[in-house]
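Open the structure in your viewer and keep the selection tool at hand. The stops below say what to select next and what is there.

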Amino acid sequence: MKNEIIKLGVILAVVSMVASASLSYVNAATEPIITARIAAEADQARKDLLPEADAFELMTAELPSGVTEVYEAKKGSEIIGYIVSTQSKGYGGTFDVTVGISGENTITGVKLSNMNETPGLGAKATDAAFIDQFSELNIDKKPYVNKNATGAESEIVAISGATITSDAVTLGVNVA
C-alpha cells in the first residue's frame, strides 16, 4: 500500500513536470508573436484615428495620471494631432481607451481594446452607434453621459443597461 502511494506520487510529479515544461515552451515560442500582433494592432488603431498622419512619435515626457501613452501624429515634420491612450475601469474590469485628437482640438475618433465588458450590454461600447458620438467633439467641452438624449452639445447617450461602461469610456476620453 505504501509503495503504491509513492509510485502514484512519482507518476503525478513526472506528469506535472512534463506539463509545466510543455507550457513553458509554448509560452516562450508564442510570446514574440503575441507581442508583435499587439504592437501591429496598436499601430493600426493610431492610423485609423488619424489617417492623414504618416508617422507617430512616442512622447517621453511625464504623463498625467490615467494617461498611459501619448503619440505625436506627424505629416512630414508637421505635428497634426495626438493619439492619447488611457485606462478606464468599467463593469467588467479595466480596459484601454485610445483617442485621436486633431490639431484643431477635435476628437477624430476613439478605439477601445482589452475590454471584458458584458456581451450584449457593455460590449456594445465598441459599436459605431456609441463610439462615433465622440467624433468631432471639441476637447475643451468635455463629453458627458446622459441616459436620455436631449441633443445637447457634448452629450453622449448612454448604452441602455450599461451606464457604468458608458461612463468609463467617457471618463477615458475626458482623461485623454
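Start by selecting residues 163-175, which make up helix 3. This is a predicted model. Helix 3 has 13 residues, and the distance from its first C-alpha to its last is 18 Å, close to the 18 Å expected at 1.5 Å a residue. Within helix 3, colour T165, S166, A168, V169, T170, G172 and V173, which are buried. What covers the buried residues of helix 3? Strand 3, strand 4, strand 5, helix 2, strand 6 and strand 7 (155-157) are included in that cover.

Next select strand 4, residues 93-102. Nine of its 10 residues are buried, so strand 4 is largely enclosed by the rest of the structure.

Strand 3 and strand 4 run antiparallel and are joined by 10 bridges. They form a hairpin, with two residues between them. To find one of the pairings, select G81, whose bridge partner in strand 4 is S102.

Look at T98 here: it stands opposite K111 in strand 5. Strand 4 and strand 5 form a hairpin with four residues between the strands, and N105 in this hairpin takes a positive phi near 65°.

Zoom in on V99, which lies in strand 4. Is V99 buried or exposed? Its relative accessible area is 1%, under the 20% cut-off, so V99 counts as buried. Leaving aside residues up to four places away in sequence, V99 touches L49, Y82, I83, V84, I107, G109, V110, V173 and A176. One of these contacts, V173, is also among the buried residues of helix 3. Then select V70 together with V99: they are 29 residues apart in sequence, and their C-alpha atoms are 9.6 Å apart in space.

**The largest pocket**

Rolling a probe the size of a water molecule over the atoms shows where empty space is left. The largest pocket holds about 420 Å³ of space. It is lined by 16 residues, and to reach its centre, select A42, D96, T98, S113 and N114, the closest to that point. Which element gives the most to the lining? Helix 1 does, with five residues. Coloured by type, the lining divides into five nonpolar, six polar and five charged residues.

Most residues other than glycine have a negative phi. Stay on N114, one of the residues closest to the pocket centre. Its phi is near 55°, a positive value in a residue other than glycine. N114 lies in the loop between strand 5 and helix 2 (128-131). With a relative accessibility of 55%, over the 50% cut-off, N114 counts as exposed.

For the last stop, select E136, in the loop between helix 2 and strand 6 (144-146). E136 is not a glycine, yet it has a positive phi of about 70°. E136 counts as exposed too, at 59% relative accessibility.

Definitions and conventions. Residues are numbered from 1 along each chain as its sequence is written. This is a predicted model: local features need pLDDT of at least 70, side-chain atom pairs count only at pLDDT 80 or more; totals for chains, interfaces and linings use all residues. Side-chain values use heavy atoms; hydrogens and water are left out. Buried means under 20% relative accessible area, exposed over 50%, partly exposed in between (1.4 Å probe, protein chains only). Contact means heavy atoms within 4.5 Å. On a 1 Å grid over the protein atoms alone, a cavity is a set of points where a 1.4 Å probe fits but cannot get out, and a pocket is an open set with protein on both sides within 12 Å along at least five of seven lines; lining residues have an atom within 4 Å of a point. Grid points are joined across faces, edges and corners, and a volume is the space filled by probe spheres set on the points. Ala, Val, Leu, Ile, Met, Phe, Trp, Tyr, Cys and Pro count as nonpolar, Asp, Glu, Lys and Arg as charged, and the others, Gly among them, as polar. Two strands pair if DSSP finds at least two bridges between them. The expected span of a helix is 1.5 Å times one less than its number of residues.
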